[in-house]
Amino acid sequence: MFVEWVIFSNESRDVLIKAVKLTKKYDDFVAVDGIDFEIYSGECVGFLGPNGAGKTTTVRMMYCFLPPTSGDLIIAGLSVHDRCREIKQVVGVAPQEDNLDLDFSVVKNLVVYARYFDISKEEALKRANEQLDFFQLQEKRDMPIEALSTGMKRRLIFARALLHKPKVLLLDEPTTGLDPQARHLVWDAVRQLKKLHVTIILTTHYMDEAEILCDRIIIVDHGKIIEDGPPKELIKKHIGENVLELDYDSTLLPMLKQTFSDARIEVIGERMQVFTSKPYSVFDGFLHEHKIQNVTLRKANLEDVFLKLTGRALRTND
Amino acid sequence: MTEVNLRKSPAKFSIPKISSNVWKVWRRNADVFTKTIGVNFLPSMLEPIIYLFAFGFGLGGFIPEVNGLPYINFIAPALVAISVMNGAFFECTYGSFVRMYYQKTFDALVATPISIDEVVAGEILWGATRGAINSTIVLTVIGISGLLTANPIITTPLFILMPIIAFFSGLMLSSIAMCFTAISPNIDFFNYPIFLFITPMLFLSGTFFPMNTLPNPAQGLALTTLPLAQIVNLTRGALTGATETLLGLTTKTLIPISIIWITIITIIFFILSINLMKKRLIR
Ligand SMILES: Nc1ncnc2c1ncn2[C@@H]1O[C@H](COP(=O)(O)OP(=O)(O)OP(=O)(O)O)[C@@H](O)[C@H]1O
Ligand SMILES: [Mg+2]
């Protein structure tokens with residue numbers, strides 16, 4: 001699928017996307033609250049945040065679907081306030097909601113979409129075929145969109161975003177509803193695109209995915225950026241190396257606090273979690289001494305960071 | 001890096017900015033139309049045939065002449081005008097609403113270099129094209145029926161102007177329709193313009209009975225307010241060589257009046273519809 005792709009230069013670490021006091025209000029509700037960020041050329045940045053945090057709203061401003069209420073957003077040197085046509089020429093979008101063209105078959109969806117970018121018919125067909133091959137949709141090429149499963153639709157939306165070989169790719173929850181095989185396919189596509197120095201903005205609720213794919217994570221909540229950094233650094237900074245999970249036991253809790261004096265200990269329902277960077281031997285000793293069962297010791301991950309920073313409460317529309 | 005500006009996006013009334021991208025939107029709809037031509041063609045052909053039979057031959061048997069014409073010759077140009085109106089109006093109400101609201105086609109389009117102005121303009125152009133296609137079908141049916149009954153309804157070569165007349169008349173009706181689409185909360189809303197605007201117009205525009213039988217004030221009102229009345233003037237002029245005589249005005253005056261009327265109304269509603277649509281879609 002990536003034959004003859006333009007390899008975007010990655011020599012200078014240019015700022016390709018820059019948001020300044022970017023704000024979006026829906027009537028009186030502030031969905032994006034004066035955020036600032038910079039994204040470098042060739043970077044893959046994950047926007048994480050609970051439901052309703054403002055991720056989709058931010059992404060939509062990046063392809064001029066929504067005008068900012070105030071502040072500015074500059075993409076490849078062009079402001080979304082007045083240069084939308086040029087911006088959309090270099091940006092590819094796989095939106096969160098499905099907006100495939102129900103009046104056309106799978107392959108026609110791609111060919112017609114390519115036409116919107118002034119791509120010639122033969123070239124469009126060629127690219128469509130490359131994408132269908134890669135995303136394993138060739139079998140469905142002449143099917144109507146209704147005949148696709150949710151996961152197939154998501155793959156087709158991804159494929160469609162690549163037809164004009166964009167410099168910036170916006171992926172809003174590209175793997176939601178995909179089976180493990182299809183998820184790996186999408187990850188593979190993202191990795192290949194990273195090699196070509198395509199700048200990628202990705203939103204996802206799968207923390208493992210963000211950790212694997214993204215060079216940098218921006219965590220948003222209530223329309224504000226609450227953390228920004230490479231996944232490894234965020235884990236180290238907020239959690240430490242390891243996490244010990246064990247059943248709640250009121251007599252054990254004080255002893256845990258004693259042994260892991262510098263650690264953060266959380267009681268979540270029937271389980272306790274200990275976040276610490278202490279070496280494994282310390283854990284071993286403790287577990288042996290107290291004959292503890294039903295225990296897991298694992299590496300700290302991005303999900304721990306996410307839950308720590310955004311809390312455990314479910315989000316309703318507030 | 002360009003200079004950062006922190007101003008708010010303006011959301012005021014504006015003259016649409018349009019490029020050749022409108023034809024991409026038009027092409028999309030044309031592609032769908034050609035794919036489903038079987039379903040589209042038959043109804044638009046059957047309807048005028050039924051009207052011709054029911055009114056022309058059936059009712060026409062009881063009505064000797066209208067304004068010096070056989071009844072069927074009187075209604076035939078009106079049937080062409082009605083087909084333009086229906087083609088354009090339904091395309092840009094139900095058709096556009098389904099694409100905008102249910103199918104999210106507009107959302108997909110505006111993620112490409114096509115702007116929202118161009119999406120709406122492309123839809124309107126397509127609506128006008130539907131009007132022109134419909135009128136051509138009806139015209140063909142009328143022509144054939146004229147040959148078969150040895151009563152050539154179409155009596156001037158001006159009929160070749162019909163597609164152009166239909167396209168521009170269609171442009172007016174699609175622009176008006178698009179305004180309704182922009183303000184409709186749901187698809188059932190279209191019952192209002194159809195029952196309050198389209199249906200009355202269908203009968204009061206000099207279509208099935210001559211407008212000059214109406215009292216003078218009513219004639220004046222119809223002539224100044226009804227889009228279909230203007231279209232009927234043009235189709236009647238183009239197919240039979242003369243309009244009705246209304247308020248003492250003859251073909252020579254009525255044709256330019258109708259052309260100017262259609263032009264002005266089209267421009268106003270075209271600009272208005274794009275602005276209303278932007279207001280609806282850009283949050
Ligand atoms: N068109 C709209 N009108 C009014 N409010 C909206 C609109 N779109 C989004 N919102 C509100 O703005 C907030 C941010 O929504 P957004 O879709 O950006 O969240 P998100 O981070 O993408 O969430 P999710 O993870 O569920 O996709 C939410 O509270 C949402 O209810
Ligand atoms: Mg979202």
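A pocket is an open set of points on a 1 Å grid over the protein atoms alone, where a 1.4 Å probe fits, with protein on both sides within 12 Å along at least five of seven lines; lining residues have an atom within 4 Å of a point. Of its 29 lining residues, B:Asn40, B:Phe90, B:Glu91, B:Arg130 and B:Asn134 are the closest to the centre. Helices H1 (22-35), H2 (37-58), H3 (71-102) and H5 (116-148) of chain B each give two or more residues to this lining. H3(B) provides the largest share, 11 residues. Helices (H or I, at least four residues) and strands (E, at least two) are DSSP runs, numbered from the N terminus.

The model is predicted; local features need pLDDT of at least 70, side-chain atom pairs pLDDT 80 or more, while totals for chains, interfaces and linings use all residues. Residues are numbered from 1 along each chain, chains are lettered from A, and side-chain values use heavy atoms.

Chain A is divided into domain 1 (15-102 + 163-235) and domain 2 (241-300), with bounds from an automatic or database domain assignment. Their centres, taken over C-alpha atoms, are 37 Å apart.

A:Asp72 lies in strand S4 (residues 70-75) of chain A. A:Asp72 is buried, at 0% relative accessible area (buried means under 20%, with a 1.4 Å probe and protein chains only).

Key:
Buried < 20%, exposed > 50% of the residue type's maximum accessible area, 1.4 Å probe, protein only.
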